[in-house]
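Subject: Two-chain model for you to look at

Hello,

Here is the structure I promised to pass on, with my notes below it. Please have it open while you read.

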Amino acid sequence: MGLYAAVARGGFRRYATYRTATAAGVFTNTVFGFIIAYTYQALWAERPRLGGYDQAQALTFVWVGQALLATVALAIGGGLDELQERIRNGDIAVDLHRPADLQLWWLAADLGRAGFQLLGRGVVPMAVGALAFDLALPADPALWAAFLVSVVLAVTVGFALRYLVALTAFWLLDSAGVAVLSGLAAMFFSGMLLPLRAFPGGFGEVARLLPWASALQVPADVLLGRYEGAAVLGALAFQAGWAAALLTVGRLVQSAATRKVVVQGG
Amino acid sequence: MAESFGRAALVRHGVRAYLLIVAMWVRSTLTYRASFVIMAVGNAAGSGLEFVTILLMFSHIDTLGGFGLPEVALLCGSSATALGLADLLLGNVERLGSRVRDGTLDILLVRPAPVYVQVAADRFALRRVGRLAQAMVVLGWALTRVQVDWTPGRVVLVAAMLLSGAAIFGAIFTLGAAFQFWAQDAAQVQNSFTYGGNAMLQYPPSVFAKDLVRGATFVVPLAFVNWLPALRLMGRDDPLGLPGWVDFMGPVVAAVMCGGAALAWRAGLRGYRSTGS
């Protein structure tokens, strides 16, 4: 356990090193936040209460999305392209000999990374958004606590998905294409482009059951108080269920890969 | 040798070098054909999803900021086409920061071709034709649906809009790259103006706060990429109430931007000190 805590600390510190990149990222998230917020303002002015959100809630959704974009690492990358590269060039053979669990090691590193990005990339855009727009941020500390748990689960689901993508490199060698397609699915089905509750009819309902909903839709809804009382636990259980399922699949795929696939150069 | 002759030869040499490097990367890309197809499709789908978002919005509404779907599609398609062209031709100048960081820019300095050309053609990403193709499909659809009384002048206006839009985005890419000579890790900042600008230009200016539109007109002149010419084409007033001739200033603005970008690039390159020095 101490080992993985150390790995997580290392992940945090590693990303904390790049201050200019962090500042540039904060700037970009803030600019995008403004642009999307204005378009949502126009949309919700035209259709008040679309998806059951009032205007302030819709705008809060935007800024939660920008705050979590880097944290849950929806788009490609987020450190796991390095794992992909190690599989491609064969270094993975060394990793598999280490007295540590491969999946837990990378999960710990990813949680550390996410922890830094939540603080470094999330807080400032959120604060700017709250200053510039009328947001529906809750005063209840219990909701914020539930939100934080939900974010941790969101990161875990995001990690489990990206880990699976990285493992495809065992068979495909170049899994950049898979990474792009999975990144696009994540952007769209997480609610980053439009809240899933604003997706039309049955399509929206299906989208809300997919794993990507855990990445933004559920944490945002938790913060916005869309779940009353015990329903919050149901929402967190939904995320935890996907996290457990995807991590298990990851382990199965990993054991299949290490049993059957000859490492590059081996 | 006459000065003008020397300059023309220099330009010819630069273009030739650009095409040679691009051809090399295209050959290398096409070696992994399946990978290339997936990446190109992914690239098209990436910008396609932005348009799908707009379609989803219009499944709930008829007009956004007073604009119907074909009109918003025209803004979307024109901005994405301009960005797609710039991104395809010289989008990789944004990789300059990593070259400065690890010192590999030095290699480019000793080669007998302009550094800018080498950086722009570096790892030429043919997959970006995906975004361009997707954008042109949306633009084509919009042009057939929008109520415009077509005259030769208006056709020229559309062509000039796309080309000067691409030049403006290209200048921003170059300015961003020049900025990275100093701020090596700040590649993200230019994304705010290129991809972020594109995200903004997809929507009618009436959606945004006046100050934001002013900033996008007078500070970073993104409004000339498509807002002003497209509004003129559709017979709409611009929200700032600028005089009519401003709508046709796109090529001039593009030329000024490119000139400024060239100066910034030269200043950056002159100030470059290799890593470790």
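What do the buried residues of α2(B) pack against? They pack against α2 and α9 of chain A together with α3 (69–90) and α7 (129–145) of chain B. A residue is called buried here if 20 or more other C-beta atoms lie within 10 Å of its own, exposed if 12 or fewer, and partly exposed in between, with C-beta atoms placed from the backbone. Helices (H or I, at least four residues) and strands (E, at least two) are DSSP runs, numbered from the N terminus.

Before the rest, some housekeeping. This is a predicted model, in which local features need pLDDT of at least 70 and side-chain atom pairs count only at pLDDT 80 or more, while totals for chains, interfaces and linings use all residues. Residues are numbered from 1 along each chain as its sequence is written, and chains are lettered from A and ligands numbered from 1 in the order in which they are written.

On confidence, the model scores ipTM 0.90 and pTM 0.91. Chain B has a mean pLDDT of 92, and 97% of its residues reach 70 or more; pLDDT is the predictor's confidence in each residue, from 0 to 100.

Now the two chains in outline. Chain A has twelve helices and zero strands, and chain B has 13 helices and zero strands. The C-alpha trace of chain A spans about 60 × 40 × 35 Å along its principal axes; for chain B the figures are about 60 × 45 × 35 Å. The radius of gyration, taken over C-alpha atoms, can be set against a globule rule of 2.2 Å times the number of residues to the power 0.38. For the 266 residues of chain A a compact globule would have a value near 18 Å, and the chain has 19 Å, which agrees. For the 277 residues of chain B the rule gives a value near 19 Å, and the chain has 20 Å, which agrees as well. Buried residues account for 51% of chain A and for 44% of chain B.

Contacts say something about how each chain is put together. Two residues are in contact if their C-beta atoms, placed from the backbone, lie within 7 Å. Among contacts between residues at least 6 apart in sequence, 81% in chain A join residues at least 24 apart, and in chain B that share is 84%.

Next, the interface. In it, 30 residues of chain A are in contact with 32 residues of chain B. On the chain A side, α2 (19–46) and α9 (176–189) each supply at least two residues, and the largest share, 15 residues, comes from α2(A). The residues of that side divide into 22 nonpolar, five polar and three charged. In this count Ala, Val, Leu, Ile, Met, Phe, Trp, Tyr, Cys and Pro are nonpolar, Asp, Glu, Lys and Arg are charged, and the others, Gly among them, are polar.

Back to α2(B), residues 33–58. This helix has 26 residues and reaches 37 Å from its first C-alpha to its last, close to the 38 Å expected at 1.5 Å a residue; the expected span is 1.5 Å times one less than the number of residues. The helix bends by about 25° at G48(B), the bend being the angle between axes fitted to the seven residues ending there and the seven starting there. G48(B) is also one of the buried residues of α2(B), which include I38(B), F51(B) and M57(B).

In chain A, α12 (residues 231–260) has 30 residues that should span 44 Å, and its end C-alpha atoms are 43 Å apart, which agrees. Its buried residues include V232(A), W242(A) and G250(A), and what covers the buried residues of α12(A) includes α6 (102–132), α7 (141–167) and α11 (217–223) of chain A.

Finally, two backbone details. R49(A) has a positive phi of about 65° although it is not a glycine; R49(A) lies in the loop between α2 and α3 (55–69) of chain A and is exposed, with 11 other C-beta atoms within 10 Å. In chain B, R123(B) has a positive phi near 50° and is likewise not a glycine. R123(B) sits in the loop between α6 (115–121) and α7, and with 11 C-beta neighbours inside 10 Å R123(B) counts as exposed.

Best wishes
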